[in-house]
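Let's take the labels one at a time and ask what stands behind each of them.

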Amino acid sequence: MILTVTMNPSVDTRYQLDELVIDDVNRVTPEKTAGGKGLNVARVLGQLGDDVVATGLLGGHMGAYMAELMDANGINNDFVPIKGETRICLNVLHAGNQTELLESGPTIAPEELDAFTAKFTELAGKADVVTISGSLPRGVEADYYAKITGIAENAGAKVLLDTSGASLEAALKSEIKPELVKPNLTEINGLLGTSFTTDDVDELRAALASDARFSDIPWVVVSMGAAGSVGFHNGRAFRAKTPDIPAVNATGSGDSTIAGFAHAIAAGADDETVLRTANTCGKLNAMDPMTGHLVMDRWDEVYNGVVVTEL
């Protein structure tokens with residue numbers, strides 16, 4: 001079983017407009033989904049045929065509505081209730097642009113966080129792979145992801161951590177490390193105090209190898225936008241590039257990539273297959289107007305077009 005964690009979920013509302021007219025009325029037809037990075041991961045894993053359970057925190061009227069959306073999507077979910085109202089996030093697609101309005105979400109009380117920790121411990125004990133995605137809600141300390149990573153890893157699950165900032169730094173400094181982290185190039189430069197470009201892969205490899213924070217993490221994947229990604233696994237280094245197919249909606253592509261990693265790692269795939277699967281999922285999501293959804297009828301085309309080169 002694969003467990004996905006979304007600590008700060010949202011009811012995502014998407015508006016598609018030919019043109020956004022500022023300071024005037026824009027009439028729209030909304031598309032609402034159960035949102036949050038971990039739920040995008042769960043949706044993609046469902047498309048891939050995995051046994052997946054989504055967990056996190058839900059509260060208020062929006063939380064109840066979000067549970068209905070998850071049930072309607074066929075997402076197996078086991079969330080912990082909180083008093084605060086689950087947030088709403090807006091995504092406006094207009095004239096080739098994307099404008100997002102993201103609420104910060106509720107503040108979590110200590111007893112609510114304790115209840116989630118107990119629930120997570122129960123679910124992680126049944127999981128082969130755990131994905132932890134996105135930001136922490138207010139009221140939760142930055143080291144919380146490091147704490148639950150330790151719980152999951154001690155239970156025998158492999159943790160794929162997709163976060164940034166203080167919560168990523170805390171996880172990197174913790175005694176028990178995740179199986180995989182996936183910062184982008186800007187984030188990795190910030191962590192290393194460097195200014196590497198997409199051409200500096202050898203230098204990046206050397207810097208990661210000499211940094212004790214990354215020494216016990218089996219998979220370190222650095223995303224590089226249009227230049228693809230590089231993956232470092234147990235002393236090996238790879239460059240992955242996807243075929244040049246125009247994107248329709250890139251939102252959720254990073255989450256879909258994590259889903260691909262989880263799917264392939266849970267299946268015990270080799271390094272090249274892991275990277276090819278993950279990059280295929282990210283690309284297929286970008287080709288679909290829906291967030292956290294793959295254009296599955298083009299799987300073979302994209303999968304065969306992903307080029308993975310060992311460096």
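Q: How many aromatic pairs does the structure hold?
A: There are four aromatic pairs. Please keep in mind that this is a predicted model.

Q: What makes Phe-116 and Phe-120 an aromatic pair, and why is the pair called tilted?
A: Their ring centres are 6.2 Å apart, and the cut-off for a pair is within 6.5 Å. The planes make an angle of 35°. Stacked needs under 30 degrees and edge-to-face needs over 60, so an angle of 35° is tilted.

Q: Why are Phe-116 and Phe-120 separated by about one helical turn?
A: Both belong to helix H3 (residues 110-124), and they are four residues apart there, which means about one turn between them. As a general point, an α-helix has 3.6 residues a turn, so residues three or four places apart point the same way.

Q: How do you know whether Phe-116 is buried or exposed?
A: Its relative accessibility is 0%. Buried means under 20%, so Phe-116 counts as buried. Phe-120 also has a relative accessible area of 0% and is therefore buried.

Q: Why is the pair of Phe-116 and Tyr-144 called tilted?
A: The ring centres lie 6.4 Å apart, with the planes at 50°, so this pair is tilted. The two partners come from distant parts of the chain: Phe-116 sits in helix H3 and Tyr-144 in helix H4 (residues 144-154), 28 residues apart. Tyr-144 is buried, as is Phe-116.

Q: What links Phe-116, Phe-120 and Tyr-144 into a cluster?
A: Ring pairs do, joining these three residues.

Q: Why does Ser-133 count as buried?
A: Ser-133 has 2% relative accessibility, and the limit for buried is under 20%. Ser-133 therefore counts as buried. It is part of strand E8 (residues 129-133). Leaving out residues up to four places away in sequence, Ser-133 touches Val-5, Lys-37, Gly-38, Val-41, Tyr-145 and Asp-162.

Q: What makes helix H1 mostly covered?
A: Of the 11 residues in H1 (residues 37-47), eight are buried. Among them are Gly-38 and Val-41, both of which are touched by Ser-133. After H1 comes Gly-49, with a positive phi near 90°.

Q: Which residues touch the most other members of the largest nonpolar core?
A: Val-130 and Leu-204 do, in a core of 48 residues. Beyond four places in sequence, the contacts of Leu-204 include Ile-188, Phe-196, Met-224 and Phe-232. Apart from this core lies another, of 43 residues, including Val-274 and Trp-299.

Q: Why does Thr-277 count as buried?
A: The relative accessibility of Thr-277 is 5%. With the limit at under 20%, Thr-277 counts as buried. This residue lies in helix H9 (residues 271-286). Its contacts, neighbours within four places in sequence aside, are Gly-260, His-263, Ala-264, Trp-299 and Tyr-303.

Q: How many cavities of 30 Å³ or more does a search of the whole structure find?
A: The search finds one. The largest cavity has a volume of about 40 Å³, and its lining includes Met-7, Asn-8, Leu-57, Ile-108 and Pro-137.

Q: Which classes of residue make up the lining of the largest cavity?
A: The lining has seven nonpolar residues, three polar ones and no charged ones. Gly counts as polar, and Gly-59 is one of the lining residues.

Key. Residues are numbered from 1 along each chain as its sequence is written. This is a predicted model: local features need pLDDT of at least 70, side-chain atom pairs count only at pLDDT 80 or more; totals for chains, interfaces and linings use all residues. Side-chain values use heavy atoms; hydrogens and water are left out. Helices (H or I, at least four residues) and strands (E, at least two) are DSSP runs, numbered from the N terminus. Buried means under 20% relative accessible area, exposed over 50%, partly exposed in between (1.4 Å probe, protein chains only). Contact means heavy atoms within 4.5 Å. A nonpolar core is a set of buried Ala, Val, Leu, Ile, Met, Phe, Trp, Tyr and Cys residues joined through side-chain atoms within 4.5 Å. On a 1 Å grid over the protein atoms alone, a cavity is a set of points where a 1.4 Å probe fits but cannot get out, and a pocket is an open set with protein on both sides within 12 Å along at least five of seven lines; lining residues have an atom within 4 Å of a point. Grid points are joined across faces, edges and corners, and a volume is the space filled by probe spheres set on the points. Rings of Phe, Tyr and Trp (its six-membered ring) pair if their centres lie within 6.5 Å; planes under 30 degrees apart count as stacked, over 60 as edge-to-face and the rest as tilted.
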